[in-house]
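Please look through the sequence and the structure shown here, and then follow the paragraphs below, which go from a sheet to the chain contacts and on to another set of strands.

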Amino acid sequence: MSQHRRRPRNNQISVEAVAGNGLLDRRALLGRGLAFAGAMTTGATASLAAAAEPLAKPPWSLEPGAAIVPYEVRSRFEKSVARTLSNPNFRPGAQGARTPHHLLNGTITPSGLHFVVSWGGAPDIDPDEHRLVIHGLVKRPLIFTLDALGRYPMVSRMTFLECGGNSAPLFSPEPIQDSVQALHGLASCAEWTGVKLSTLLEETGIDSTAKWFIAEGADAPHLSRSVPLKTTLDDAMIALYQNGERLMPANGYPMRLLLPGFEGNMNVKYLRRIKLVDEPSMSFWESKIYTQLLPNGKAYQFYFLQEVKSFITRPSPGLTLKEPGLYEISGIAFSGTGRISRVMISADGGQSWGGSSAAGTGLEQGFYPVPYALALGQFSCNVTKPGVGRGRQRAADSRTVRGGARRVEENSTRCGRPESALQLHHKLGGRREGGGQACLCVAWTPPPFCLCSSWARAGRLPKGRISESL
Amino acid sequence: MNLTGIAEWDISVHPDGAGLPVGSGTPAEGAKIYVAKCALCHGQDGKGSAESPTPLIGGGPITDISASMKTISNFWPYATTVFDYIRRAMPWQQPMTLTNDEVYALTAYILAANKLIGENDTLSAETLPKVRMPNRDGFIIRFPDLIQ
């Protein structure tokens with residue numbers, strides 16, 4: 001790593017780069033007075049632009065503000081922080097709303113910005129009229145009102161949800177230049193509160209022949225998925241609250257199934273019926289839509305787990321870097337198979353990596369923040385062949401499939417043409433075994449520069465695995 | 001708690017025919033219903049339309065991951081799913097308004113147009129599960145460990 005040691009020319013403090021192109025460990029900067037772009041000076045000659053103007057007496061300081069309202073909405077200046085919609089005119093078919101990750105910070109997605117994939121619009125459900133039926137291979141079927149569910153012990157859990165089709169643009173025949181919102185916006189993270197399914201099944205009893213349950217929504221398509229009972233029983237929840245308040249209408253109001261780590265579509269919204277069965281029903285969504293085509297012509301069925309993934313949210317396409325200086329790299333890593341244990345970032349196309357141990361700090365099935373600092377420009381971005389840089393994406397996953405062996409799988413792919421900020425593309429079926437698809441190359445000129453996605457892993461990998469894979 | 005009504009809510013149909021209701025329908029009966037209630041979105045010829053590109057009839061080799069590439073004839077593993085999906089979700093603007101006979105008839109019309117059953121076949125709870133779909137064996141369970 002000695003070749004990455006850089007001494008900033010215009011700064012008194014020397015910080016050793018942890019990887020090529022001026023990648024610094026953010027934690028090494030904290031408390032050392034080193035300037036991040038826009039927050040302080042970026043060098044001996046640079047100065048903060050805003051500081052060149054005299055401090056004013058702004059009008060909002062000279063009169064009372066607005067009256068406080070019962071339910072507050074965000075500042076009018078924040079309207080551009082919004083989901084992007086597919087099928088906005090709501091023609092027959094699915095609609096999608098993507099989370100603007102590059103405009104958010106932290107690990108919780110605000111409820112109004114939580115992603116949505118809808119197969120029939122958001123129904124206007126009267127919570128007092130809504131019913132949840134549990135029947136089938138149970139000892140006694142039961143019907144629950146929302147009020148009745150509210151009297152059971154509740155649990156809270158921060159967990160991501162991700163559409164099975166998230167990051168699908170990476171499968172485009174040609175590379176797509178687009179924002180992290182367009183590429184990875186069908187994933188979000190919230191605190192969900194509700195009643196565990198196992199609590200309700202204690203009431204109904206479980207017939208010994210039950211192996212699956214069918215979850216069905218009360219929306220127009222009566223969306224239906226078959227869920228393996230044994231492997232989900234510990235975690236499955238009837239979620240009644242999202243980030244502390246009732247679910248958003250498009251996220252299942254007044255109740256949805258929550259299956260942490262499982263593909264979004266299985267987390268059935270507007271949940272009206274759970275039927276314990278011995279075989280899956282092979283619904284439209286599980287036998288057609290949420291299947292994964294493979295190069296050999298077959299298709300994965302019951303994909304279920306959302307495997308490890310990471311992506312950089314800032315800097316990223318759609319955001320502007322105004323000047324050379326220090327910028328924090330922000331990103332998100334998550335895995336449906338467990339806790340994120342390590343995140344790595346490369347700023348030189350995968351030639352060198354900075355790593356951070358996340359062991360013990362992240363939540364299972366939660367969003368894990370990627371903390372890194374990038375010195376852009378000031379530390380002489382070392383792209384030797386402008387416009388021909390490489391990008392590399394790494395995602396690896398170590399998990400324990402319930403009842404099965406620990407698996408370690410890896411995916412590594414090249415991406416090119418950073419001059420146009422292209423992201424890696426995959427041909428049909430290119431999603432390899434266990435490979436979390438996450439790559440976001442970012443380019444600016446000058447200097448030409450390719451920043452690639454973080455590398456994340458969940459669970460434990462054998463020691464030395466990372467260096468071997470490089 | 002009054003448990004009446006659960007049977008009416010239970011609309012799940014399984015590949016072995018479990019859940020299929022009493023009733024029957026033929027392709028000829030389904031053709032009339034199709035024109036009245038389906039063609040607006042799916043096209044007169046069942047090939048899809050600008051309003052809804054989802055084709056119901058036909059389907060060639062799958063060359064990309066677009067959902068519309070996966071058709072009943074080239075992808076769906078079970079014929080019972082056709083009945084299940086029509087009954088629970090169609091027509092788009094008025095789901096759950098078709099009679100069981102109408103759903104059988106539409107299923108028969110679509111399967112016959114895809115040459116998966118004969119033009120004069122009648123579908124019912126007995127005959128529908130016996131329809132063999134071309135891509136029945138085209139699937140691999142992604143995580144078999146999870147569904148023990």
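**A sheet with strands from two chains**

Three strands in the order β15(A)-β16(A)-β3(B) form an open sheet with mixed pairing. Because β15 (292–293) of chain A and β3 (139–141) of chain B each have a single partner strand, they stand at the edges, and one side of each is left without a neighbour in the sheet. Helices (H or I, at least four residues) and strands (E, at least two) are DSSP runs numbered from the N terminus, and two strands pair if DSSP finds at least two bridges between them. The model is predicted, so that local features need pLDDT of at least 70 and side-chain atom pairs count only at pLDDT 80 or more, while totals for chains, interfaces and linings use all residues. Residues are numbered from 1 along each chain as its sequence is written, and chains are lettered from A and ligands numbered from 1 in the order in which they are written.

Within this sheet, β15(A) pairs in the antiparallel sense with strand β16 (residues 299–301) of chain A over two bridges, and A:L293 is found opposite A:A299 of β16(A). Towards the other chain, β16(A) pairs with β3(B) in the parallel sense over three bridges, with A:Y300 standing opposite B:I140 in β3(B).

Chain A has seven helices and 24 strands, and 49% of its 470 residues are buried, a term for residues with 20 or more other C-beta atoms, placed from the backbone, within 10 Å of their own. In β14(A), six of the seven residues are buried, so this strand is largely enclosed by the rest of the structure. β5(A) pairs with β14(A) in the parallel sense over four bridges, and A:V133 stands opposite A:R273 in β14(A). Strand β9 (residues 212–217) of chain A runs antiparallel to β14(A) and is joined to it by six bridges, A:R273 being the bridge partner of A:E216.

Terms used. Buried ≥ 20, exposed ≤ 12 C-beta atoms within 10 Å, placed from the backbone.
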